[in-house]
Amino acid sequence: MRILAIDSSSMVATVAVTTDGILNAEYTMNHMRTHSQTLLPMIDEICKALELDMGSIDAIAISGGPGSYTGLRIGSATAKGFGLALNKPIINVPTMDALAYNMFSSCFIICPIMDARRGQVYTGIYRFHGTEMEVIKEQCMIMIDELIYELNKIGMPVMFLGDGVDTQKEIIESKIGVEHHYAPASMNRQKASALASLAELYYQNGKYESAEEHKPEYLRLSQAERERKEKEKMEKKNDSY
């Protein structure tokens with residue numbers, strides 16, 4: 001089972017190839033460059049280094065959202081393009097699930113967070129029972145205060161990770177009432193290798209789709225769509241006068 005894994009849901013661009021559970025190569029970059037500039041060259045470099053025939057790929061794993069609109073669109077378009085060209089299935093893994101899988105077999109409650117702005121975060125709550133990950137709370141978008149309330153209610157030590165830690169740490173520290181920690185640099189951002197590992201389990205359980213079926217999951221409207229709806233709302237309000 002050979003998987004090409006792609007994650008561009010955040011500022012991080014990360015690509016990996018695994019074969020039967022073995023990591024062959026991983027390329028990760030967290031820098032101020034657009035994913036349209038980085039993803040294809042990263043994939044190309046990995047293929048050249050491995051002397052990899054793309055036809056030998058069995059499936060393409062993608063972090064399907066939530067996350068950056070632009071990043072998700074670029075990642076999904078890349079995965080979809082390869083899927084259509086190679087006639088390979090897409091394994092669409094929720095972003096928060098893949099991020100939580102960085103903490104494989106951890107004894108902590110795992111709480112990945114990404115900044116969704118306006119005091120909101122993309123998040124989920126997870127824990128491992130041995131090597132099996134349990135989804136306590138499916139990925140969603142909620143206020144950071146509400147998330148901390150839920151974690152306090154669970155009452156178990158928490159490990160935070162994700163780029164949302166950078167923007168929400170002060171609030172977390174002021175409101176969290178349980179033992180908590182922050183994942184180190186080696187684990188606190190998206191990793192295509194973790195995505196590929198979880199995607200292999202998805203594939204074994206029949207959780208994959210065709211390239212034609214694939215689309216990202218944003219969880220919220222884009223800024224342009226929000227502005228359009230707000231404009232339509234104001235126009236209707238004015239018309240009623």
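A cavity, on a 1 Å grid over the protein atoms alone, is a set of points where a 1.4 Å probe fits but cannot get out, and its lining residues have an atom within 4 Å of a point. The model is predicted, so local features need pLDDT of at least 70 and side-chain atom pairs count only at pLDDT 80 or more, while totals for chains, interfaces and linings use all residues. Residues are numbered from 1 along each chain as its sequence is written, and side-chain values use heavy atoms, leaving out hydrogens and water.

Select Met11, Ala13, Met29, His31, Arg33, His35 and Thr38, which line the largest cavity; about 30 Å³ of space lies there, a volume being the space filled by probe spheres set on the points, with grid points joined across faces, edges and corners.

Next, select helix H4 (residues 144-154) and helix H5 (residues 164-175), whose axes come within 10 Å and cross at roughly 40°. That angle makes H4 oblique to H5, since angles under 35 degrees count as roughly parallel, over 145 as roughly antiparallel, 65 to 115 as roughly perpendicular and the rest as oblique. The contact (heavy atoms within 4.5 Å) is made by Ile144, Asp145, Ile148 and Asn152 of H4 and Gln168, Ile171, Ile172 and Lys175 of H5.

Finally, turn to the second largest pocket (an open set with protein on both sides within 12 Å along at least five of seven lines), which holds about 230 Å³ of space. Its lining includes Asp97, Tyr101 and Lys207, and strand E8 (132-143) and helix H6 (192-204) each supply at least two lining residues; helices (H or I, at least four residues) and strands (E, at least two) are DSSP runs, numbered from the N terminus.

Terms used. Axes are lines fitted to C-alpha atoms, for helices over the stretch in contact, and angles run from 0 to 180 degrees between N-to-C directions.
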